Amino acid sequence: MDPLKSFNSNKHLKEEFVSNLSGSSVLEIIALTITVPMLVLIRHSTSATGAFLKKKNDDAVSKSSNFKAYLSTLSLDFIIIVVPMLLCFTVLSNWTYIFTILLMLLTFVCIAAKRTAASSISIKGEHNSIREYITSYRVVVMIITFLCILAVDFRIFPRRYAKTETYGTSLMDLGVGSFVLANALVSRQARNITSVNWKTAIVSISPLITLGFLRLVTTTGVDYQVHVSEYGVHWNFFFTLAAVSILTSFVNVPPQYSGIFGLLVLVVYQFCLIHGLSAYLLSDERGMDIISQNKEGIHRYWGMYLVGVQLGNYLIFGSHSSGLRSTKWVQIRVWILSICNLPYVTSVLADNLQLLSILMLGDLIPGSKTSVLEEALNRNLLATFLLANILTGLVNLSVDTLSASSITALSVLLGYAYILSTAIGTADYFGVKLKFW
């Protein structure tokens, strides 16, 4: 046996396991999108305002005591937010609608109970800031992502949630699009910061390009399974984010017009799909040139990013980049937009705006405005994604994911998610932040 391939003897079986899938229903995806932010709201409702967020200090005794309290709070966040989310994506997947309804009822109970208690003692809840909503939204997208990228390799994860091959819609189909949109909403362009030269733009994306090449080299080196129809032979998630960022920096479109330009890009792309591009992308045939080898990875995300930039500028940031729109103003428009949307790009916009609109119910729930886990992940989103990819690779190379029982799979996934959460939480507690630009 080839010593390299011995690292991953089930490579082809694992690739087949995530291939030729057709997805689930739009209604089920909506139900899942509603479920996730409600878990965050429920956690906020169970925390007192000003939840434990104290970091280290210079006193060794106090530092040890504070760190234990910090980990306890982080663990509680994990139990209330991450564990039910993982169960919903795996062992409770056949009861998605029932689980969603129960969470809706529980959320309404929390709202009613907390508001009644606040009213009885004449306390008026403080409104969440837009920053807190966006923080929760970006963190939720990250949690869904790091749970799914490993869970998809186990049989406990329903195949209808995995990425579709040609047509259809699934939970994981929203992944890259959600990342692109989350970045666009708070990008420099959305804040109308356009004074970026080419050198600055290239430096800012250099970590993504480096990570893209590192992933390419390491996956090839250990013969790791790669779903070629997802991005192509050499392309990957990091290259997609880098390409979108560099295009937006070089083609400097004012944020108030970027949505129109983005729609134009999407219309041209759709026209090309209708007139032969779709058949080309869906074909298994590949030429020897770099574009043909990676034809799936170079497509629609730039248009989506541009639309996200205008939405961020319109919904979140005011006419001046330093100012934020009023919370109520944003809430009304997000709720309206979340119920007024159209194939892939518009479905991503609709689902993500729906997620954000549910989080905006936080004003109705007096209590903590965020959680320790959310703050930790938000400060190290890139590190979270990198560590998740490393741990996912290690698990796949050391565990036969296809043969694992449901109990084994769930145990591995829980352990993986907890290690990831506590590692990022610990890094945040000690002030470690992975940021290159």
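**Exercise 1.** Determine what percentage of the 437 residues in the protein chain is buried.

*Solution.* Buried means under 20% relative accessible area, exposed over 50%, and partly exposed in between, with a 1.4 Å probe and protein chains only. Under this criterion, 52% of the 437 residues are buried. The model is predicted: local features need pLDDT of at least 70, side-chain atom pairs count only at pLDDT 80 or more, and totals for chains, interfaces and linings use all residues. Residues are numbered from 1 along each chain as its sequence is written, and side-chain values use heavy atoms, with hydrogens and water left out.

**Exercise 2.** Classify the aromatic pair of phenylalanine 261 and tryptophan 302.

*Solution.* Rings of Phe, Tyr and Trp (its six-membered ring) pair if their centres lie within 6.5 Å; planes under 30 degrees apart count as stacked, over 60 as edge-to-face and the rest as tilted. The structure holds 11 such pairs. Tyrosine 70 and tyrosine 429 form a tilted one, at 5.0 Å and 50°. Phenylalanine 261 and tryptophan 302, at 5.7 Å and 75°, are edge-to-face. Phenylalanine 261 lies in α10 (residues 255-282) and tryptophan 302 in α12 (residues 301-315), so the pair ties together parts 41 residues apart in sequence.

Note on methods
Helices (H or I, at least four residues) and strands (E, at least two) are DSSP runs, numbered from the N terminus.
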